[in-house]
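Hi,

Here is the structure I promised to pass on. Have a look at it first, and my notes follow below.

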Amino acid sequence: MARHNETPEGRSVRLLRVGEQFRHILSELLARGDVHDDVLTSHSVSITEVRMSPDLRHATVFVKSLLGADEAEVLKALRTNTAFLQREVASRVRLKYAAKLKFLADESFDEASNIEKLLSNPHVTQDLNADEDTAD
């Protein structure tokens with residue numbers, strides 16, 4: 001039996017809400033240039049999602065640099081500035097503990113474009129059209 005405060009995906013509404021707060025704060029810090037790092041100020045970085053652990057002590061931050069440019073360099077800069085970002089987030093979010101941030105590249109866009117490319121392959125399109133014809 002699912003609890004009332006859980007989404008169909010199984011994550012609680014509170015985890016999603018706190019994750020969204022983290023995403024908003026981190027996005028704002030990066031957009032305003034509050035992080036004094038040449039790599040981060042010279043690249044446009046999107047925080048696409050923040051997933052919180054059930055105890056709210058760990059946050060996995062998914063990032064994507066604009067057009068995927070210098071992604072490894074951007075991740076390295078974010079990881080170098082993790083302590084500063086953790087302090088800033090902790091000062092803005094009312095939680096018992098300051099969550100540890102872990103930065104990862106968001107691969108979902110790459111996966112989506114790969115699936116799109118596979119679906120547009122002539123052999124796959126032919127099979128899909130054949131399936132539609134037999135369904136009628």
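By contact I mean heavy atoms within 4.5 Å. Bear in mind that this is a predicted model, where local features need pLDDT of at least 70 and side-chain atom pairs count only at pLDDT 80 or more, while totals for chains, interfaces and linings use all residues. Residues are numbered from 1 along each chain as its sequence is written, and side-chain values use heavy atoms, with hydrogens and water left out.

Leaving aside neighbours within four places in sequence, Asp37 is in contact with Ala77 and Asn81.

Ala77 belongs to helix 3 (residues 71-80), where Glu71, Val74, Leu75 and Leu78 are buried as well (buried is under 20% relative accessible area, exposed over 50%, partly exposed in between, with a 1.4 Å probe and protein chains only). Looking down the helix 3 axis, these buried residues fall within an arc of 160°, so they line one face (the arc is that of the directions from the axis to the C-beta atoms). Ala72, Lys76 and Thr80 are exposed on the other side. The buried residues of helix 3 pack against several elements, including helix 1 (13-32) and strand 3 (100-105).

Cheers

Definitions and conventions: Helix = DSSP H or I, 4+ residues; strand = E, 2+ residues; numbered from the N terminus.
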